[in-house]
Amino acid sequence: LFGDLGLAWLEEPLLAEDILGYARLRDRVPMPLAAGENLFSIHEVNQFLAMSACDYLQVDVVKVGGITPFLDVAAVAHAWNVPLAPHHKMEISGQLLCCLPAAHLVEDLEGMSLSELGVLRRPILVHDGLYRPPAAPGHGIEFDFDHLAKFRVKR
């Protein structure tokens, strides 16, 4: 059906809760499946991978609860030999992938990065398709609070 289209993968074709459906679909389509951006815990991820329900795991660092839970999920993905291709938050996910053995790529949706939204003091950009983490200590992400102030909700 899709094999001759030259697609890298079929992404999120079913509801995230339909793990059995993903496993069945994976056995029936001639291309890799990417999924996981709507999984919220290491337990959901482990169930997904135990059922061989996807070929690429696209967990979202925010949806799984932050950096520490994301690293736990990454360890599970590595144990199952499933590459990571995180959904969204390029500035954070990109840095995490730089230190992980299961890294594949980071999704960078046009206009959706923190840099493109204008909320960073120093934008973190992708050049020629390559992400380079900031050289500043820690995560290097510095929010532009002057810019963000105009969005403050008044009480």
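**View 1. Lys89 sits in the loop that links helix 3 (67-79) and helix 4 (90-97).** Helices here (H or I, at least four residues) and strands (E, at least two) are DSSP runs, numbered from the N terminus. This is a predicted model, where local features need pLDDT of at least 70 and side-chain atom pairs count only at pLDDT 80 or more, while totals for chains, interfaces and linings use all residues. Residues are numbered from 1 along each chain as its sequence is written, and side-chain values use heavy atoms, with hydrogens and water left out. Lys89 is not a glycine, yet its phi is positive, at about 50 degrees. Most residues other than glycine have a negative phi. With a relative accessible area of 24%, Lys89 is partly exposed; that term covers values between buried (under 20%) and exposed (over 50%), using a 1.4 Å probe and protein chains only.

**View 2. Ser52 lies in the loop between helix 2 (42-50) and strand 3 (56-57).** Here, too, is a residue to check for its backbone: Ser52 has a positive phi of about 50 degrees although it is not a glycine. Ser52 counts as partly exposed because its relative accessibility is 38%.

**View 3. Ala16 belongs to the loop between strand 1 (10-11) and helix 1 (19-28).** Its relative accessibility is 14%, so Ala16 counts as buried. Leaving aside residues up to four places away in sequence, Ala16 touches Tyr22, Asn38, Leu39 and Phe48, where contact means heavy atoms within 4.5 Å.
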